[in-house]
Amino acid sequence: MRSFAKVKLWKLTGILPAGFKGEHHLRYKAALLILGVTILVASIAACISYQSVRRLIVRNLERNALLEVKECGNNIDRWIGTRKAEIEILANTPPVRSMKWSVAEPYLKSEVNRLQEFLHLALIEPDGSYFTTKVGRALINVSDRQHFKKAMAGQVYVSDPTISRTLRQQRIVPISAPVWSNSAKSIDKTVKKPIGVMNGVISIDRIAEVVGKLEYGAGTYAFVLNSQGVPIVHPDARLMGNIDKAAPSLLESADTNLANVAREMIYQKTAILQTEINDAKVYVAYLPLEQAEWSIALVIPRDNIEKELLPLNILAATAAVLAATAILAAILALKLFAESCIRTRTEALLHRLTGRIRACLGLDHILQTTVDELGTLLKLDRAIFGWYDPRQDTVEFCWEYCRQGLPGRLGIFGAQTGPCGDLAARLHRCETILLKKTCTPDATASQESVHLELTDSHYAAVPLLTQTNRLGYLFASANRRFATPDEVEVLEAIADSLAIAISQSQLQGQIQEQLKLLEEVLAKLRRTEEHLVQSEKMTIVGQLAAGIAQEINNPINFIYARLIHVNDYIKDLLNILHLYRQQYPQPVPQISKKLESFDLDFISQDFPQILTSLKIGTDGIRQIVLALRNISLPDEANKKRANIHESIDNILLLLAHKLEPKILVVKEYSNLPPILCYPGQLSQVFANILSNAIDAVNSIDKTHQIITIKTHIVEHSTGRFIAVSIAHNGSRIPLEIQDRIFDPFYHTKSLKNLTGLGLSVCYKIIVELHGGRLTVQSQVPSQTLSQTSIGAEFIVQLPIF
C-alpha cells in the first residue's frame, strides 16, 4: 500500500491544472502590487519625514547664522550710537554753544584725546565754514554736505562714507549734531534754527574691521550697503563707493539674485534666504542697522550651512539601503512563499482528499466524496467508481462525478469488442474501450442504448481490492492527455486510501455495536454510582443516629423531671384553693398554717421559669430533628439558594455527641450571600469533612484540640467564590498522598472507620455538580512551626451566581 507521503511532491504538483497554479501566481502578483503600493506610500512618507527634519535643521542653522549677523549689527549699532551720543553731548556744552573757536578749541582737542574714537572734531558755522582740531580754520565749505544739512535741520545724523577734504583723501564717516544757543529752550527748537553744527569724524576702517570679523566658516564674507544700494564696506574694494566717489548700485547688478538681495536690504528687511550669486549657491543673511541708514549682509556658502546635515544624510542613505535590501528580501520571500503555497496547497488538497475519504464511515458517502474531490481537484471530465463482476465481465458504475454539461453514466457496462473475460486486462493496459450499458440500477429507467468510450491516453483505471476480495475500479478521464506514470501513481495512492476507507466502513457496524454496548455499561455505572451515593448518605445518617438519640433523650428527661414538680405545684395550689373555698372569706388558722408550710410566692415565680425551660428543651428537640431531616432528604432536581452558615451549624449540632469538651470549635464567619446549590449534598460534604476533622484531633493526645471554620469571599479570574476553610490541629496528611486523597477508592482510614461519604464523592459534588474547587493543605512539622499548627486544612470554594 502506498500513500501520498511516498509520492514525490513534484509529481503531485505536476498533475494539477494550470488554473490552480495560475491562481497562486495571481495572488503573488496581487501581493507584489500591495507590496509596491506599501513601498510607495512608505517612501513618500519617508521623503516627507526626511524633508521635514531637514527643513527643521536648516531653519535652525539659518536662525543661528542670522543671529551671528544680528550680533555684529548690534555691535556696530552700539558703537555708532555711542559716538552719536558723544557728539550730541559735546554740542550741548557751553564751550561749543559759544560758537567761538578760541573758546571751544582747547576743550574739543582735550575731548579728542580723551575719547580716542574720533579722527578730529569740527565746529561748523551756519554758512558752512568750519574749524577743526586738525588744521584749525578750514579753507573749504561743507554747506553742500548732507550731514550739515541734516544737523541744521535739527537732527543728529550719521552720514554715508565720504572723502575727507582735510585729511588727505581719507574715507570717513561724519557724525553731526545741531548746536543750539544758550538761550534756546527745548520747546523752541522746533521753531528756531541751530546756531551751528558739532561734527565728529570717525574712520570707516573701524566699521570695516567689525564687519570683517563677521564670518560663518570658510568662504563667507560680509558687506554693508547704504540707502542707495551702494556697498560702503565690501571685501572687493572695486565695488565700494561713497558720496565723493560714485560706484554702481547693487540694484543695477547683472546678477538678478544679488539685485533682489540688495532691494530687500534697501527696504530695511531682516531675513535669510538661499540663492545663487555669481554661479555659487549661497545663503544670504541680512538686516538693517538702527543708527544709520545702512544694511549689513553675510554671504555664507551653502555647504557651510548644510554640512550639519551630513549625519542626517548618512542616516537617510543607510535607511534607504536597508529599505532596498528589505524590499528585495520581501520580493524574494513573496516569490518563495508563492511557490511554497502552491506546494503546500497541493499537498494539503491531496491529504485532505485522503483525510475526507478515511473520515467517512458510510460506503456511499466514501465513494461519492472520492469521485467528487478527485474530479474537482484534477479538473476531470469524469471520475467514476465501479465494481467489477468477473463472472459477467462487466463493470457496475455506482458513483460518478461528471463535468457540467456531460450526461451521467451510471449503470452496468460491458465491452462491445474483444474476447470475453478480458475487460480487466484491457483496463489495466488503458486501451481504448467502448463500454455499452447492459442495464441500469433503476429498473424503471429507460433502456435506450447508452455507451461510454474510454480513449487511450485520456483515461486511467486503477484497480482496488477490498478485504472481502471484491474488485473495484477507480476511473478518471479528461479531454486532455492523461494517465502519465506520475498521474497513475497519484491515482493509485488515492485508491489505496480508498481501500482503507472501505475497510473502515465495513468495520462501522461492529463499532456501532461496541458503542451501543459501552453506552449500556455506562448507564449501569451511572446507576451504580447513584446507588453508591445514596448508600453513603444513609451511612452518614446511621452514623449520626446514635448521637441524635442521645441529644433527644436529654431534653425529654429534662421535660419529664420538670413536669413532676409542675404536677405537685398544681396539687398544692388546688388544696390551698380548696381550703380557701371552705373558709372564705377570712382564712382560718388552719389555712394560714397551710399557707406557711408552702411558699406560694416561690411557686408563683418558679412556675413560669419551668415553662420556659420546657420550651427551650422542646426547641432543642425541634432543631435536632430538623437538621437530621435536612441531611436525610434527597435534593430536588433544581438548585436553590441556601445559607452556608446554617448548613455548617446544623452539621455541628448533629455532630455534637462526637465533640468532646476538650475540643474547641472556632467559627470565623464573614458576611456571605446565599448561593445557588444543592443544600443536602453540600451538607453531606461538610459533615464528612467535619467528621474527619473530629477523628483527626481525637487521634492525637493534645491539651488544645482546635477545629477552625472560616468563611470569606475570594476573587479569581473566573469570578467570585465563597471559600469555606475547615482546619484542625490533629494528625496531618502525608505529602505523598495529598495529590491522591480525592481519587476514587482511595482512603487513609482503617476499614472499620470507612463509614463516611468518600472524599472522591465530595470532590465530585463540589467540582462537577457545583463548578467549585476542593483542595487540601497539610503542613510538614519543622522547628519553625509549633505543634499546635500541625494538621490539615480543607478548602471548599463555591461560585457566587
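**Entry 1: Lysine 269 and its partner**

I looked up lysine 269 and found that it is partly exposed, with a relative accessible area of 39%. My cut-offs are these: buried means under 20% relative accessible area, exposed means over 50%, and partly exposed lies in between, with a 1.4 Å probe and protein chains only. The side chain of lysine 269 meets that of glutamate 264 in a salt bridge (3.6 Å, N to O). I count a salt bridge when a side-chain nitrogen of Lys or Arg is within 4 Å of a carboxyl oxygen of Asp or Glu. Glutamate 264 is also partly exposed, at a relative accessible area of 24%.

I note that this is a predicted model, in which local features need pLDDT of at least 70 and side-chain atom pairs count only at pLDDT 80 or more, while totals for chains, interfaces and linings use all residues. Residues are numbered from 1 along each chain as its sequence is written, and side-chain values use heavy atoms, with hydrogens and water left out.

**Entry 2: Other salt bridges**

Side chains of opposite charge can pair when their charged atoms come close. By the rule above I get 16 salt bridges.

I took arginine 83 and glutamate 86 next; their side chains meet in a salt bridge at 2.8 Å, N to O. Because they are three residues apart in helix α2 (residues 18-91), about one helical turn separates them. Helices (H or I, at least four residues) and strands (E, at least two) are DSSP runs, numbered from the N terminus. Are arginine 83 and glutamate 86 buried or exposed? I found both arginine 83 and glutamate 86 buried.

Aspartate 244 and arginine 145 form a salt bridge through their side chains (2.9 Å, N to O). This pair links distant parts of the chain, 99 residues apart: aspartate 244 is in the loop between β9 and α7 (256-266), and arginine 145 is in the loop between β3 and α5 (146-152). Aspartate 244 counts as partly exposed at 38% relative accessibility, whereas arginine 145 counts as buried at 7%.

I also noted a network of salt bridges linking Arg54, Arg302 and Glu306.

**Entry 3: Strand β8**

Which strands pair with β8? I found that β8 and strand β12 (residues 295-301) pair in the antiparallel sense over five bridges, and that two bridges join β8 to strand β9 (residues 231-233), also antiparallel. For pairing, DSSP must find at least two bridges between two strands. Tyrosine 221 has valine 299 in β12 as its bridge partner, and valine 224 has valine 233 in β9.

β8 and β9 form a hairpin with five residues between them, and glycine 229 in the turn has a positive phi of about 85°. Four of the five residues of β8 (residues 221-225) are buried, so this strand is largely enclosed by the rest of the structure.

**Entry 4: A five-strand sheet**

I traced an open, mixed sheet of five strands in the order β21-β23-β24-β26-β25. Its edge strands are β21 (663-668) and β25 (773-777), each pairing on one side only. From one strand to the next, the twist averages 15°. I take axes as lines fitted to C-alpha atoms, for helices over the stretch in contact, with angles from 0 to 180 degrees between N-to-C directions.

Strands β23 (residues 705-716) and β24 (residues 719-728) pair antiparallel over 10 bridges. Threonine 708 stands opposite alanine 727 in β24.

Helix α17 (residues 679-698) packs on the sheet and touches β21, β23, β24, β25 and β26 (792-799); its direction makes about 140° with that of β23. Contact here means heavy atoms within 4.5 Å. Helix α19 (residues 759-769) lies across β25 and β26, running at about 135° to β25.

**Entry 5: Threonine 133**

Threonine 133 lies in the loop between β2 (130-132) and β3 (136-137). At 15% relative accessibility, I count threonine 133 as buried. Neighbours within four places in sequence aside, threonine 133 is in contact with Trp101, Leu108, Lys109, Val112, His120 and Leu121.

**Entry 6: The whole chain**

I count 19 helices and 26 strands in the protein chain. Buried residues make up 41% of its 801 residues. Of the contacts in the protein chain with a separation of 6 or more, 62% are between residues 24 or more positions apart.
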